[in-house]
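I opened this entry to keep track of what I looked up, one topic at a time. The notes follow the order in which I went through the model.

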Amino acid sequence: MTTMRNPGIEDATDTVAVPRRSVGQTLLSAGTVIALIALVVFFFAMRPDVFLTFTNVRNILYQVAILAIIAGAQTIVMVVGDFDLSVAATSSLAGAVVAALMLDGIPVAVAILIGLAVGLLIGIVNGLLIAYLNLSAFVATLATLTSVTGLAFLVTAGTTLFNLPPEFNTLGQGRFLEIPLPVFIAILISIVLWFVLRYTTMGRRWYATGGNAEVSRLSGVNVRRARLLAFSIAGLVAAVGGILLAARLGSASAVQGEDNLLFSVAAVFLGMTVVRSGAANIGGTMVGVAIIGVMSNGLNVLGVNAYVQQVVTGLIIIAAVTLSSLRHRER
């Protein structure tokens, strides 16, 4: 006698049991988001009259807009399994070049285009050194960091450049619907990077390269070109951040926004704990940026000493790297 099996009904004996996630794994996965919520609740409880007011929330968004752009650049590089120590220096040089050119009488639009080209060029140099000359990302971008910082000092002559054209300053100081323009630009850049990473062939190649470069190469992915393109776009995006920072401050210097390097790395590491894959991702990075922004603003509202804030920042970076390491171990 032949037993017939109904193909439309799944046999319980063939069902693969999916292991249930432990409470610790669940908390680890959601830890970054929980930390953000906890920070908001804490600072609101401490200063309910100030912290969640429209003015203060707008200030937080304004403060983190540039960091969000720099962190977006860092995310692209970390997606392919590398990192870039020169993003903050690149942004400073781009802002300094634009400021110097405008003070020499170059039209604002032309100066901005040249500044963007400077960032793109630095990114290309990084990509060539790492992807084609096989230098480690640490060595290559550390060398670039040193050289680019020196160039920024040469461009600014070691001083702060100010008296920039009002139409340029409007990019960083203007508002739309009472929200500063850099916030909208940061959101737009984040959406574009998210779309590229999630829905384009290049984005899938970047993730494949970061997951296993050798397997990707054997699968037909041009790993060198993918890494070169990632560093090039990162340099371009970093330049946007530096130009906006110069416009926001109405001035430019060689060390402007240098803290954004450590903050951007911390934001990306924090964001890597948001998704189950443990990979760098734009959404998670923006959560990390929000944590840094809320923490910094909240401590300022409470009147905490700036040196204490530096200690807290260091602890956040340690926590970010630790969480990311635990996330990879879970995989």
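**Loop residues with positive phi**

I began with A157, which counts as exposed at 62% relative accessibility; buried here means under 20% relative accessible area, exposed over 50%, and partly exposed in between, with a 1.4 Å probe and protein chains only. I note that this is a predicted model, in which local features need pLDDT of at least 70 and side-chain atom pairs count only at pLDDT 80 or more, while totals for chains, interfaces and linings use all residues. Residues are numbered from 1 along each chain as its sequence is written, and side-chain values use heavy atoms, with hydrogens and water left out.

I placed A157 in the loop between α5 and α6, where helices (H or I, at least four residues) and strands (E, at least two) are DSSP runs numbered from the N terminus. The phi of A157 is near 55°, a positive value in a residue other than glycine. I then looked up L177, in the loop between β1 (175-176) and β2 (179-180), and found its phi near 55° as well, again positive in a residue that is not glycine. L177 is exposed, at 65% relative accessibility.

**Helix α4**

How far apart are the end C-alpha atoms of helix α4? I found them 35 Å apart, which agrees with the 36 Å that the 25 residues of this helix (residues 108-132) should span at 1.5 Å a residue, the expected span being 1.5 Å times one less than the number of residues. The buried residues of α4 include V108, I112, G115, N126 and I130. Among the elements that cover the buried residues of α4 I list α3 (87-103), α5 (137-156), α6 (166-173) and α10 (223-249). After α4 comes N134, with a positive phi near 60°.

**Two residues in the neighbouring entries of my list**

I looked up T141 in helix α5 and found it buried, at 0% relative accessibility. Leaving aside neighbours within four places in sequence, T141 is in contact (heavy atoms within 4.5 Å) with F83, D84, L85, S86, N126, I130 and F231. N126 and I130 in that list also belong to the buried residues of α4.

N169 is in helix α6 and is buried too, with a relative accessible area of 13%. With neighbours within four places again left aside, I recorded contacts of N169 with L164, G174, A246, A247 and G250.

**Aromatic rings**

I took rings of Phe, Tyr and Trp (its six-membered ring) as paired if their centres lie within 6.5 Å, with planes under 30 degrees apart counted as stacked, over 60 as edge-to-face and the rest as tilted. By this rule I have five aromatic pairs. F176 is partly exposed at 48% relative accessibility, and F184 is partly exposed at 33%.

The pair of F195 and Y199 is tilted, at 5.5 Å centre to centre and 40° between the planes. These two residues are four apart in helix α7 (residues 181-199), which means that about one helical turn separates them. I found F195 partly exposed at 45% relative accessible area, and Y199 partly exposed at 46%.

F42, F43 and F51 form one aromatic cluster. Last, I noted that the charged end of R248 sits over the ring of Y62, 5.2 Å from its centre; the rule asks for NZ of Lys or CZ of Arg within 6 Å of the ring centre and within 35 degrees of the ring normal.
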